[in-house]
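Here's a quick briefing to read alongside the sequence and the 3D view. Have both open and follow the topics in turn.

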Amino acid sequence: MLKLMKLVLYRIIHNKDFLIVYLILIPTVIGIAVYFTNTVSLNMRIGVIGEVEVVENDKVKYVYLDDVPNNSQLVLNEYDAVVVQEGNDFKVQSTKGEEYNQALKLFVTGQITSLQDDSLQRGNATTIIGFLMMVVLLLGGQIYCYYFDERNGINKRILSTSIGCRQYMLSHFSVTLMFLFIPAVVVICGCVTVFNIVLSIPMWEFVLVLLLLCFFSASFGLWMNSLCNSMDESLMFGNMFAIAGSIVA
């Protein structure tokens, strides 16, 4: 299996277009994204319907609406929550659970001054991983660029030797996992050091979550490529599921 991995790596290394895209452009995009994701404003955007008395706060932008927005707008974070008047009282609607709604109700009335509870507010590590989710899932299927070439004939000569089918597939999986995980870790660790980014979780936990994400992406890519008959078909279905799944997540 090690020799087969070396063969796949040799073919990838001697493909200049592949190296430029996956080892230069993509890490650069990830680095820029990590920097801007960390510096983006986290001010809340709350819709207000009715004559609800709210306490102004520099961390909150209140948007006065005539109608209750659709759930899709809440899911897509167009609004963090909506405050709706009900008689002399009001209720909070969001997609983040009843505990968050109750805390936000106290917050907008000035009874508490912040929502810094870890259970109510996500940190920058979650935001970074959330962005990388779609990028990593999309790349997971594309790095199997030589999987179909070998399935069309070369694999018969390989499998006629002592290498089994599991070793053949595991070698492609291992190479894909390396190309996903190693550049991402190097770039993110570099950004954290250069830009003095303080993650909301320990670095080892962040690396572990990133490893699990890359492992799932490589597994998903292998599954899609095994089911499909061509690389174009695999990318079409794989990208569709990856984009839809990332948005829902």
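**The salt bridge and its surroundings**

Lys 105 has a relative accessibility of 23%, so it counts as partly exposed. Keep in mind that this is a predicted model.

**The salt bridge**

- How many salt bridges does the structure hold? There is 1.
- It joins the side chains of Lys 105 and Asp 89, at 3.3 Å from N to O.
- Lys 105 sits in helix H4 and Asp 89 in strand S4, so the pair ties together parts that are 16 residues apart in sequence.
- As background, side chains of opposite charge can pair when their charged atoms come close.
- Asp 89 is also partly exposed, because its relative accessibility is 40%.

**The sheet**

- Four strands make up an open sheet, in the order S2-S1-S3-S4, and the pairing is mixed.
- At the edges you'll find S2 (60-65) and S4 (89-93), each of which pairs on one side only.
- Ignoring direction, neighbouring strands here are turned by 25° against each other on average.
- S1 (residues 44-49) runs parallel to S3 (residues 81-86), and the two pair over 4 bridges.
- Within that pairing, Ile 46 has Ala 81 in S3 as its bridge partner.
- S3 and S4, on the other hand, pair in the antiparallel sense, over 5 bridges.
- Here Gln 85 has its bridge partner in S4, namely Phe 90.
- The hairpin of S3 and S4 has 2 residues between the strands, and Gly 87 takes a positive phi near 70° there.
- Which residues of S4 are on its covered face, and which on its uncovered one? Phe 90 and Val 92 are on the covered face, while Asp 89, Lys 91 and Gln 93 are on the uncovered one.

- With a relative accessibility of 0%, Val 108 counts as buried.
- Beyond its neighbours within four places in sequence, Val 108 is in contact with Ile 46, Glu 53, Val 54, Val 55, Tyr 62 and Phe 90.
- Two of these names have come up already: Ile 46 is the bridge partner of Ala 81 in S3, and Phe 90 belongs to the covered face of S4.
- Val 92 is 16 residues from Val 108 in sequence, and their C-alpha atoms are 9.9 Å apart in space.

**Helix H1**

- H1 (residues 2-13) has 12 residues, which should span 16 Å at 1.5 Å a residue; its end C-alpha atoms are 16 Å apart, in agreement with that.
- The buried residues of H1 are Leu 4, Met 5, Val 8 and Ile 12.
- Looking down the axis of H1, these buried residues fall within an arc of 105°, so they line one face of the helix.
- Leu 2, Lys 3, Lys 6 and Tyr 10 are exposed on the other side of H1.
- The general rule behind such faces is that an α-helix has 3.6 residues a turn, so residues three or four places apart point the same way.

- Helix H9 (residues 231-248) reaches 25 Å from first C-alpha to last over its 18 residues, close to the 26 Å expected at 1.5 Å a residue.
- Met 231, Ser 234, Gly 238, Ala 242 and Ser 246 are buried in H9.
- Down the axis of H9, the buried residues fall within an arc of 70°, so they line one face of the helix.
- The face of H9 turned away from that side carries the exposed residues Asp 232, Met 236 and Val 248.
- Ser 246, at 13% relative accessibility, counts as buried.
- Apart from neighbours within four places in sequence, Ser 246 is in contact with Met 133, Met 134 and Leu 137.
- Ser 246 and Phe 131 are 115 residues apart along the chain, with 8.8 Å between their C-alpha atoms.
- Over in helix H8 (residues 203-227) there's Ser 217, which is buried at a relative accessible area of 0%.
- Again leaving aside neighbours within four places in sequence, Ser 217 is in contact with Val 136, Leu 137, Gly 140 and Leu 180.

How values were computed:
Residues are numbered from 1 along each chain as its sequence is written. This is a predicted model: local features need pLDDT of at least 70, side-chain atom pairs count only at pLDDT 80 or more; totals for chains, interfaces and linings use all residues. Side-chain values use heavy atoms; hydrogens and water are left out. The expected span of a helix is 1.5 Å times one less than its number of residues. Buried means under 20% relative accessible area, exposed over 50%, partly exposed in between (1.4 Å probe, protein chains only). The arc is that of the directions from the helix axis to the C-beta atoms. Contact means heavy atoms within 4.5 Å. Two strands pair if DSSP finds at least two bridges between them. Axes are lines fitted to C-alpha atoms, for helices over the stretch in contact, and angles run from 0 to 180 degrees between N-to-C directions. A salt bridge is a side-chain nitrogen of Lys or Arg within 4 Å of a carboxyl oxygen of Asp or Glu.
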